[in-house]
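User: Could you take a close look at one helix of this protein for me, and walk me through how it sits against its surroundings? I would like one connected account.

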Amino acid sequence: EDIFVLWVATGQPITWGVIKIVTMIALPFAFLNEYITDHPLFWSFLLPKNKRHLTLTPKMEKRLRYAEFFFVGIMMGLAENLIAIHFATHAVITSKTVIIAVLAAMPFAYFSEIIVDRPDFWKKVFRFFGIRYRRIQA
């Protein structure tokens, strides 16, 4: 995504140096997005201390997934894209660059936060490919 945005927004050629810089910027964002914000207790700081062990209803889970889509998917995607553009090309960030970065972040954020983070996503993928899937209970 970052390389696509970089190419569309700046028109710069994609070199191995650019790919290395973009990768070094993308790795911490990927870690933050997948290992920290997808942790079950990450969003509990939004709840009052006496309700942190609250069972989420399906409606609350859906709202939480959309909040994650917006804040984590789009906003972090935008930040990652703009940082990658700045460090890889030293281009000036303009409103056109921001718009391109947001438009590019949206489908990736939707796929990552709304589709892949669904509880039954991997079960459906495994079933599609004919792989037997059984969750191991700890």
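Analyst: The chain has five helices and zero strands, and reading along the sequence gives the pattern α-α-α-α-α. Please keep in mind that this is a predicted model. Of the 138 residues in the chain, 29% count as buried. Among contacts between residues at least 6 apart in sequence, 71% join residues at least 24 apart.

Let us settle on α2, which covers residues 16–36. With 21 residues at 1.5 Å a residue, α2 should span 30 Å, and the C-alpha atoms at its ends are 29 Å apart, so the two values agree.

Next, which residues of α2 are buried? They are Val18, Val22, Ile25, Phe29 and Asn33. An α-helix has 3.6 residues a turn, so residues three or four places apart point the same way. As for what covers the buried residues of α2, the list includes α1 (2–10), α3 (58–89) and α4 (95–116).

Two packed helices are described by the angle between their axes and the distance between the axes. For α1 and α2, the angle is about 125° and the axes lie 10 Å apart. That angle makes α1 oblique to α2. The crossing of α1 past α2 is right-handed. On the α1 side, the contact is made by Asp2, Ile3 and Leu6, while α2 contributes Val18, Ile19, Val22 and Ala26. Sorted by class, this contact has six nonpolar residues, one charged residue and no polar ones.

Asparagine 81 lies in α3, and at 0% relative accessibility it counts as buried, the cut-off being under 20%. Leaving aside neighbours within four places in sequence, asparagine 81 is in contact with Glu1, Asp2, Val5, Ala101 and Ala105.

Notes:
Residues numbered from 1 in each chain as written. Predicted model: local features only at pLDDT ≥ 70, side-chain atom pairs only at ≥ 80, totals over all residues. Heavy atoms only, no water. Helix = DSSP H or I, 4+ residues; strand = E, 2+ residues; numbered from the N terminus. Expected span 1.5 Å × (residues − 1). Buried < 20%, exposed > 50% of the residue type's maximum accessible area, 1.4 Å probe, protein only. Contact = heavy atoms within 4.5 Å. Axes fitted to C-alpha atoms, helices over the stretch in contact; angles between N-to-C directions. Parallel < 35°, antiparallel > 145°, perpendicular 65-115°, else oblique. Left-handed = near helix turned anticlockwise from the far one by under 90°. Nonpolar A, V, L, I, M, F, W, Y, C, P; charged D, E, K, R; others polar.
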